[in-house]
Amino acid sequence: MRSPVENVLSFDLEHWYSATLLRDAVTDPTERIEESVEIVLDLLARRGVKATFFVVGEVARDHPELVAQIAADGHEIGSHGHTHRPLFELTREQFSHEIERSTAAIQDATGTMPVGFRAPNFSVTPRTQWAIAVLEASEYQYDSSVFPVRTPMYGVTGAPVRPYSIDPTAPFEDRPADHALVELPLAVFHPRFKLPVAGGFYARLLPTQLLQWGIRTLNARGLPATIYFHPWEFNPAVKTPSVTAHKRFVSFHGINRLKSKLETLLDTFTFTTAASVAREYANENDLVSYDTPSPVFQSEDSR
Ligand SMILES: [Zn+2]
């Protein structure tokens, strides 16, 4: 039986060679974006699931028909920056410019202004928390960039694991607030150990049963799991021998099996767009009682 909690299914749409580990290593890359998106759109159409695609502005600019097609299929289009540069490499002003350009490119392709943002490499951390004020000023309604566990490449220790109304002056604190922007943190699957199994490499590496257990654990507490993939991760044709064994492992491990993994997750759980879940949390004080945290989060809250 499917769980009643609606989870967030998201895809970050960029070129496969835009990944941090590959962008400098791959020379003369073959374009795979259209065939990769087609694989994912087919899968979603067969399962009748709507998802959010966080699209790089340059991709929307260069492939407007592709992005229009995704929107025409009923999926949400959010922004994934304009150039796919992580926020660590940008100033606040440059980020503001990135948002402006990606918003315009998406609007040109789809006729609709995006309301959600995902930072390349989940790069919204204390170092770059000015991003939240920029998103608010740009009339975005939600952000989905906070990875509430520290990993070698990104993440924020101690950030909330549940969706919350985000305070630009204290963006990683879980406290009653009524701000314009909702944060949908990426799923971590155990309140104490916080396994970062929300998607990408981790979803490709870990067995389906563990992913299911993780989503079930969050859903049992009434919390949505926000998970993410890249369309290219469903396309074995992207595998290239021209990078080191380590980069090959992190970038391509599990690609052949990811499609059936996602199908199993779609059969087990309910998924929808990020905007739809963010709307539910837009007035979170109605939904979350901060006075009586659920027992499983108590140890974490009191730390
Ligand atoms: Zn990305």
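**Strands, loops and a charged patch**

Reader: In strand β8 (residues 226-229), which residues point the other way from T226 and Y228?

Author: The model discussed here is a predicted one. In β8, T226 and Y228 point one way, and all four residues of the strand, 226-229, are buried. Pointing the other way are I227 and F229.

Reader: In which sense do β1 and β8 pair, and which residue of β8 does F11 stand opposite?

Author: The pairing of β1 with β8 runs over four bridges and is parallel in sense. Within β8, the residue opposite F11 is F229.

Reader: Which residues form the negative surface patch, and which helix gives the largest share of the patch?

Author: The patch is made up of E31, E34, E38, D42 and E65.

Reader: Where is E31 placed, and why does E31 count as partly exposed?

Author: E31 belongs to the loop between β1 (6-13) and α1. Partly exposed residues lie between the 20% limit for buried and the 50% limit for exposed. E31 therefore counts as partly exposed, since its relative accessibility is 40%.

Reader: What is the phi of N121, and why does N121 count as buried?

Author: Most residues other than glycine have a negative phi. N121 is not a glycine, yet its phi is positive, at about 55°. This residue is found in the loop between β4 (116-117) and α5 (130-137). N121 counts as buried because its relative accessibility is 17%.

Reader: Where is F122 placed, is F122 buried or exposed, and what is its phi?

Author: F122 is in the loop between β4 and α5. With a relative accessible area of 5%, F122 is buried. F122 is a residue other than glycine with a positive phi, and the value is near 50°.

Technical notes:
Residues are numbered from 1 along each chain as its sequence is written. This is a predicted model: local features need pLDDT of at least 70, side-chain atom pairs count only at pLDDT 80 or more; totals for chains, interfaces and linings use all residues. Side-chain values use heavy atoms; hydrogens and water are left out. Patches are made of residues with over 30% relative accessible area and no salt bridge: like charges are joined within 9 Å, nonpolar side chains (Val, Leu, Ile, Met, Phe, Trp, Tyr) within 5 Å. Accessible areas come from the Shrake-Rupley method with a 1.4 Å probe; for residues, only the protein chains shown count as cover. A salt bridge is a side-chain nitrogen of Lys or Arg within 4 Å of a carboxyl oxygen of Asp or Glu. Lys and Arg count as positive and Asp and Glu as negative; His and the chain ends are not counted. The place of a charge is taken as NZ of Lys, CZ of Arg, CG of Asp or CD of Glu. Helices (H or I, at least four residues) and strands (E, at least two) are DSSP runs, numbered from the N terminus. Buried means under 20% relative accessible area, exposed over 50%, partly exposed in between (1.4 Å probe, protein chains only). Two strands pair if DSSP finds at least two bridges between them.
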